[in-house]
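Dear colleague,

I am passing on to you the structure shown below, together with a summary of what was found in it. Please read the summary with the structure open.

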Amino acid sequence: MTPISAENIVMNYGKVKALDAVSLKVEKGELFGLIGPDGAGKTSLIKILGTLLLANSGTAEIEGMDVVKQYQNIRRQIGYMPGKFSLYQDLTVEENLNFYASIFGTTLEENYDLIKDIYKQIEPFKKRRAGKLSGGMKQKLALSCALIHKPKVLFLDEPTRGVDPVSRQDLWDMLQSLKKDNITILVSTAYMEEALLCDRISLMDHGKILATNSPDGLIANFEKPLYAIRSGNSFKVIKKLKDYEHANSVYPFGDWVHYTDKRDTIDPLEIKSYLENNDTTNVEIKQIKASVEDCYMSLTSKNQNYEPA
Amino acid sequence: MSQPEKAYSISVENLTKKFDDFVAVDKITFNVKKGEIFGFLGANGAGKTTAMRMLIGVLEPTSGKGEVAGFDIFKNSRKLKKHIGYMSQKFSLYDDLTAKENMRFFGGIYGLTNKEIRNRTKELLTHFGMEHIEKERVSSLPLGWKQKLAFCTALMHKPDVVFLDEPTSGVDPSIRRQFWEMIYETAEGGVTVLVTTHNMDEAEYCHRISMMVAGKMITVDTPQNLKDKYKLETMGEVFLHLARGYEKEHAITAS
Ligand SMILES: Nc1ncnc2c1ncn2[C@@H]1O[C@H](COP(=O)(O)OP(=O)(O)OP(=O)(O)O)[C@@H](O)[C@H]1O
Ligand SMILES: [Mg+2]
């Protein structure tokens with residue numbers, strides 16, 4: 001039985017097309033990522049699959065059960081962590097967890113092992129009201145609550161949003177370890193590099209799935225030769241490259257600038273000397289493998305300027 | 001009346017905030033130069049937002065000193081607010097208003113005249129290539145454009161210092177880069193920018209960064225110096241190194 005399958009899901013909010021005929025299949029035990037910025041449609045899709053929102057059209061099944069007709073059965077078997085903080089602000093950390101555990105007829109102690117990696121980071125604050133936690137601490141509590149009943153299928157809507165780099169790594173380690181328990185996970189994120197930690201991903205933008213693939217497969221499909229360029233002053237490098245007549249794309253990446261050219265074949269030394277002739281010194285240039293973020297920006301490059309509907 | 005030219009536009013000494021017994025910000029000391037982009041990094045709950053709220057004069061410090069744009073954050077917090085801009089970690093615009101109406105609203109709060117508001121709105125939207133969203137309702141804009149707009153509203157009254165609390169989290173990768181270009185241009189115009197982010201690519205774009213762990217500011221330096229110091233390639237690695245190192249009981253100094 002396929003844990004998650006969706007076909008031609010359409011969701012409109014007024015004139016906004018939140019989901020535009022989206023189809024998806026996630027296999028048992030897979031860690032599947034929905035990658036895209038806020039507004040891509042990730043939340044709507046997750047809510048529909050989690051039986052919390054009715055699609056305008058299309059069908060979806062969780063563990064072979066229809067999300068509309070069998071929503072009650074589904075809800076007992078899934079865990080869902082919403083993107084917007086939805087815990088009880090007036091309850092303490094511990095009270096929130098106990099509350100969720102009791103809804104599902106379990107206890108914190110029973111499944112402590114499953115959540116301990118994340119929960120132990122907020123355990124020192126277990127007597128604090130949830131409303132007073134920092135942004136990232138709230139996320140950790142919400143995830144703990146979603147896992148407390150050991151679900152078969154876990155939906156996580158941007159669990160790493162606002163979460164610091166160390167905890168993000170812990171969280172992904174934890175998601176990978178849940179795979180051992182054969183929990184199927186659908187997780188959304190706007191952090192492109194987190195795609196590498198998934199088995200497969202769908203890149204989403206404006207209600208559409210742009211590509212579904214393994215991270216390696218996606219990267220292998222990046223068409224153009226990609227160069228990383230840097231000098232002491234990346235702001236200047238960016239400006240000069242954007243002015244360069246052959247430039248196709250110019251994006252800062254940390255202290256490097258990623259560059260593709262309009263021409264099919266190029267000599268990197270030519271770019272180097274162009275920059276050096278335009279008072280940029282110490283230019284380094286090297287050809288590199290694309291990152292998921294490069295792939296994403298190349299697939300969405302037409303949409304960078306917002307067009308009012 | 002012109003303020004005497006100060007060496008720093010933010011200077012903080014032993015700034016501390018306690019909530020009951022809990023020390024959220026623990027004697028932090030740092031200075032930020034005019035026109036500098038200063039990154040405020042740290043783990044969740046480290047105290048970044050709390051520190052920022054003291055610096056913008058909305059949260060009273062427990063102890064310590066702070067001066068922002070020439071105003072004492074204790075004694076002059078009312079005047080201070082006219083000279084700074086702030087984008088909160090939670091979203092800070094009115095969804096039902098259009099882009100332009102939001103600008104007008106915030107301009108009004110800062111006491112600008114109608115004419116000033118009109119001119120400034122036009123100036124900012126044109127400068128940042130956003131004229132075409134002027135009549136759009138905020139609710140219909142993608143997050144990245146909302147954030148660009150929120151940044152404009154924070155600049156309405158020509159503040160000396162702007163505070164940006166996680167302005168780009170969840171934003172489309174190319175719009176995120178446009179946002180940073182806005183930050184750069186603003187800083188080049190002499191405005192001081194203090195920004196928090198959990199995106200380590202963005203840490204590289206800051207002139208200097210500070211790192212907070214459990215209320216303490218454990219490092220202030222340029223990204224390049226930090227990478228050189230720990231012989232690491234990226235700020236992501238530096239962050240992990242510092243945060244994990246600190247966790248392992250900050251006794252052992254790196255050998
Ligand atoms: N009003 C309050 N009462 C009690 N504790 C508070 C209050 N406000 C903040 N705290 C605590 O102070 C600490 C610092 O919180 P703060 O929001 O400043 O962190 P942060 O560095 O901004 O984290 P994040 O990256 O998650 O946004 C946290 O432990 C938080 O729970
Ligand atoms: Mg914060």
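Two terms come first: domain bounds are taken from an automatic or database domain assignment. On a 1 Å grid over the protein atoms alone, a pocket is an open set of points with protein on both sides within 12 Å along at least five of seven lines, a cavity is a set of points where a 1.4 Å probe fits but cannot get out, and lining residues have an atom within 4 Å of a point.

This is a predicted model, in which local features need pLDDT of at least 70 and side-chain atom pairs count only at pLDDT 80 or more, while totals for chains, interfaces and linings use all residues. Residues are numbered from 1 along each chain as its sequence is written, chains are lettered from A and ligands numbered from 1 in the order in which they are written, and side-chain values use heavy atoms, with hydrogens and water left out.

Domains and the second largest pocket

Chain A is assigned domain 1 (4-219) and domain 2 (223-289). Their centres, taken over C-alpha atoms, are separated by 38 Å. The second largest pocket lies between these two domains of chain A, because both give residues to its lining. Its volume is about 1100 Å³, a volume being the space filled by probe spheres set on the grid points, which are joined across faces, edges and corners. The lining numbers 38 residues, and the closest to the pocket centre are Glu193(A), Met200(B), Asp201(B), Thr234(B) and Gly236(B). Among the elements that give two or more residues to this lining are α6 (165-180) and α10 (292-299) of chain A and α9 (235-247) of chain B; helices (H or I, at least four residues) and strands (E, at least two) are DSSP runs, numbered from the N terminus. By class, the lining has 15 nonpolar, 8 polar and 15 charged residues. Here Ala, Val, Leu, Ile, Met, Phe, Trp, Tyr, Cys and Pro count as nonpolar, Asp, Glu, Lys and Arg as charged, and the others, Gly among them, as polar.

The cavity

The whole structure holds 1 cavity of 30 Å³ or more. Of its 19 lining residues, Tyr191(A), Thr168(B), Gly170(B), Arg176(B) and Asn199(B) lie nearest the centre. The lining of the largest cavity divides into 6 nonpolar, 6 polar and 7 charged residues.

The sheet of chain A

In chain A, 4 strands form an open antiparallel sheet in the order β2-β1-β4-β5; two strands pair if DSSP finds at least two bridges between them. β2 (16-26) and β5 (65-66) of chain A are at the edges with a single partner strand each, so one side of each has no neighbour in the sheet. Helix α1 (residues 42-49) of chain A packs on this sheet, touching β1 (4-13), β2 and β4 of chain A, and its direction makes about 55° with that of β2(A). Contact means heavy atoms within 4.5 Å. Axes are lines fitted to C-alpha atoms, for helices over the stretch in contact, and angles run from 0 to 180 degrees between N-to-C directions. Strand β4 (residues 57-62) of chain A is joined to β5(A) by 2 bridges, and Glu61(A) has Asp66(A) as its bridge partner.

The sheet of chain B

In chain B, 4 strands form an open antiparallel sheet in the order β2-β1-β4-β5. Strands β1 (residues 8-19) and β2 (residues 22-33) of chain B pair over 8 bridges. Asp20(B), in their hairpin, takes a positive phi near 50°.

With kind regards
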